[in-house]
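Here are my notes on the helix packing in this model. Please read them with the structure open.

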Amino acid sequence: MDNLRGIGLMVTAMAFFALGDMTIKWATQVMPVAQVLALLGLGGGLVFATMSRIKGHRVISRDFLRAPILLRNGAEVVGTVCMFLALSRVDLSMVAAILQATPLAVTFGAALFLGEHVGWRRWSATFVGFIGVLIIMRPGLSGFDPDTIWARYQPSCRFATRAWCFRWPLAC
């Protein structure tokens, strides 16, 4: 029963991600990207501050001013801006296809830059996954949209910094 519950929760989470992306896509069609970012940032900040205060935590701490934390937060901000720009300028299906390659790129980056061991089965799965993403994206000069670069930069900015922080947790 735990597997079915996990599957249900995962499907529900993916549905909410899709609804969130769809809402951002819609909102950026009727408002400037900066305004949508500001509204979502203010709303999310208010929810975060309220939840922190309810639990008795401080909202602002000196620990936030450490250089690695500022680096990670800066990377998250840049990644979020890139994601909003991608959603506002590129078809939602193309952004979703690019984001499906994120775990594959993280596997490759962890092996290449962090020295993680990746066995032949995982390399095979990564290769097959990249082939699937390429089939969906249909790469080539005729179908290339320069705005897809925003979607391609978002995961590398956010997840590379996050992986670095998890690899060296004392730095972050």
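Which residues does Thr107 touch, not counting residues up to four places away in sequence?

1. Thr107 touches Val118, Arg122 and Thr126. Contact here means heavy atoms within 4.5 Å. Thr107 sits in helix H5. Thr107 is buried, because its relative accessible area is 17% (buried is under 20%, exposed over 50%, partly exposed in between; 1.4 Å probe, protein chains only).

2. A word on the basis. This is a predicted model, where local features need pLDDT of at least 70, side-chain atom pairs count only at pLDDT 80 or more, and totals for chains, interfaces and linings use all residues. Residues are numbered from 1 along each chain as its sequence is written, and side-chain values use heavy atoms, leaving out hydrogens and water.

3. Take H3 (residues 67–89) with H4. Their axes lie 8 Å apart, at an angle of about 140°. Axes are lines fitted to C-alpha atoms over the stretch in contact, with angles from 0 to 180 degrees between N-to-C directions. H3 is therefore oblique to H4 (under 35 degrees is roughly parallel, over 145 roughly antiparallel, 65 to 115 roughly perpendicular, the rest oblique). Met83, Ala86 and Leu87 of H3 meet Leu92, Val95 and Leu99 of H4. By class, that contact has six nonpolar, no polar and no charged residues.

4. Now H4 (residues 92–100) with H5 (residues 102–113). The axes come within 5 Å and cross at roughly 30°. So H4 is roughly parallel to H5. Ile98, Leu99 and Gln100 of H4 contact Thr102, Pro103 and Leu104 of H5.

Terms used. Helix = DSSP H or I, 4+ residues; strand = E, 2+ residues; numbered from the N terminus. Nonpolar A, V, L, I, M, F, W, Y, C, P; charged D, E, K, R; others polar.
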